[in-house]
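Please read them with the coordinates open.

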Amino acid sequence: MKHTLLGAFFAAALAVPAVAGDYMIIAPAAPGGGWDSTARSMQEVLQAEGISSSVQVQNVPGAGGTVGLAQFASSTSGDPSQLIVGGYVMVGAILTNESPVSLADVTPIARLTGEAVGIAVSASSPIQDINQLVEMMKADPGSVSWAGGSAGGVDHITVGLLAKAAGVDPTKINYVAFAGGGEALAAILGNQVTVGISGVGEFLPQVEAGTMRMLAVSTAEKWAGTDAPTLKEAGYDVNVQNWRMVAAAPGLSDEQKAAVTADIDKMVNSAGWKTMLETKGWADTYLSGAEFDAQLAADVESTTIVLKDIGLVK
């Protein structure tokens, strides 16, 4: 009888779908920005979809994500429960800050999302369109202060490319780097800076509320949720799309990496994640495995060329 009951118990236990272990996701920036939003969106979906029973998010801001990256790389080796979000901004920050730690020191898992970079001003700003802003920049580059993310990140790169396309010396740009999107937003809304530049999704709620005006987006085609022209439509040969990724701890076994990748794959294919993308205004650019590794290497190489071109890397 006892053996029969034990057998039934173990059979029932095996029939229950296995739920992954707990996760800790490092958002290497202050609350309110794109990485923080990505990490918390992952937290919500992983738990809601039953992929993980408990997911925590920790903010470790500083130096375009390289402070969090260094801490993550040095303290999580071999631990498959540890994740960190990153992306295009981090690639640039690693180069401009000459960081001793790079994405080669962790385990890249997948590219998750893509997003246009938006250029916006407060609703009370006298600047009505992107051409008016560029004319101000041509007359006196230093008089136009740009609030964006970390130095060398996608926001900074986009400003530099716009300046170059408009015939302005990129090294004369007055770029003000903020550790988090919330701080940058406050500076834009408070007219402490001339203009803001960030992921479109960070500006859309303010644009919809009527407190901000979107002047342009960085992608080749218009971006869902805004009628703002593309920089190309406005006459400037610039095409940039930000992307965000997730990486796991260094030193994982092949089996551990495969298990983490499987959980992320479940997440991005879930109904909850698709809804999240639509809500946030993010494009689905999911890429994993060897294809992502190859794309990441290509992006590092191309970003190095761009940063040298606009004078941010020697």
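1. Ala-216 has a relative accessible area of 0%, so this residue is buried. Ala-216 belongs to strand β8. The model is a predicted one, and the points below should be read with that in mind. Along the sequence, Ala-216 and Asn-269 are 53 residues apart, and their C-alpha atoms are 31 Å apart in space.

2. Strand β8, residues 212-217, is mostly covered, with five of its six residues buried. The pairing of β8 with strand β4 (residues 107-122) is antiparallel and runs over five bridges. For orientation on screen, Ala-120 has Met-214 of β8 as its bridge partner.

3. Strand β1 spans residues 23-27, and four of these five residues are buried, so the strand is largely enclosed by the rest of the structure. Which strands does β1 pair with, and in what sense? With strand β2 (residues 55-59), β1 runs parallel, and five bridges join the two. The chain passes from β1 through α2 to β2, a β-α-β crossover that is right-handed. With strand β3 (residues 82-87), β1 again pairs in the parallel sense, over three bridges. Met-24 is the residue that stands opposite Gln-82 of β3.

4. Helix α2 includes Asp-36. Is the residue buried or exposed? Asp-36 has a relative accessible area of 7%, which is under the 20% limit, so the residue counts as buried. A polar atom of the Asp-36 side chain lies 3.2 Å from the backbone nitrogen of Gly-32.

5. The largest pocket has a volume of about 550 Å³. Of the 42 residues in its lining, the closest to the centre are Gly-33, Gly-34, Gly-149, Gly-181 and Glu-202. Elements that contribute two or more residues to this lining are α2 (34-48), α4 (88-96), β5 (145-148), α6 (154-165), α7 (181-189), β7 (195-199), α8 (200-209) and β9 (241-248). The largest share, five residues, is from α8. By residue type, the lining of the largest pocket divides into 21 nonpolar, 18 polar and three charged.

6. The second largest pocket holds about 280 Å³ of space. Its lining is made of 20 residues, and those that lie nearest the centre are Gly-201, Leu-204, Thr-279, Lys-280 and Gly-281. Two or more lining residues come from each of α2, α8 and α10 (271-280). As in the largest pocket, where α8 has the largest share, α8 gives the most to the second largest pocket, with five residues. The lining of the second largest pocket divides into seven nonpolar, seven polar and six charged residues.

7. Val-134 sits in helix α5, residues 130-139. The relative accessibility of Val-134 is 0%, so this residue counts as buried. Val-134 and Ala-166 are 32 residues apart in sequence, while their C-alpha atoms are 7.2 Å apart in space.

8. Which value does phi take at Glu-98? Phi of Glu-98 is near 50°, a positive value in a residue other than glycine. Glu-98 is in the loop between α4 and β4. With a relative accessibility of 70%, Glu-98 counts as exposed.

9. Asn-191 is the other residue to check, with phi near 55°, again positive in a residue other than glycine. The loop between α7 and β7 contains Asn-191. At 43% relative accessibility, Asn-191 counts as partly exposed, because that class covers values between 20% and 50%.

Notes: Residues numbered from 1 in each chain as written. Predicted model: local features only at pLDDT ≥ 70, side-chain atom pairs only at ≥ 80, totals over all residues. Heavy atoms only, no water. 1 Å grid on protein atoms, 1.4 Å probe; cavity = no way out; pocket = protein on both sides within 12 Å on 5 of 7 lines; lining within 4 Å. Points joined across faces, edges and corners; volume = space filled by probe spheres on them. Helix = DSSP H or I, 4+ residues; strand = E, 2+ residues; numbered from the N terminus. Nonpolar A, V, L, I, M, F, W, Y, C, P; charged D, E, K, R; others polar. Buried < 20%, exposed > 50% of the residue type's maximum accessible area, 1.4 Å probe, protein only. Pairing = 2+ DSSP bridges. Right-handed = clockwise from strand over helix to strand, strands pointing away. Polar contact = N/O pair within 3.5 Å; in protein donor to acceptor, adjacent residues only side chain to side chain.
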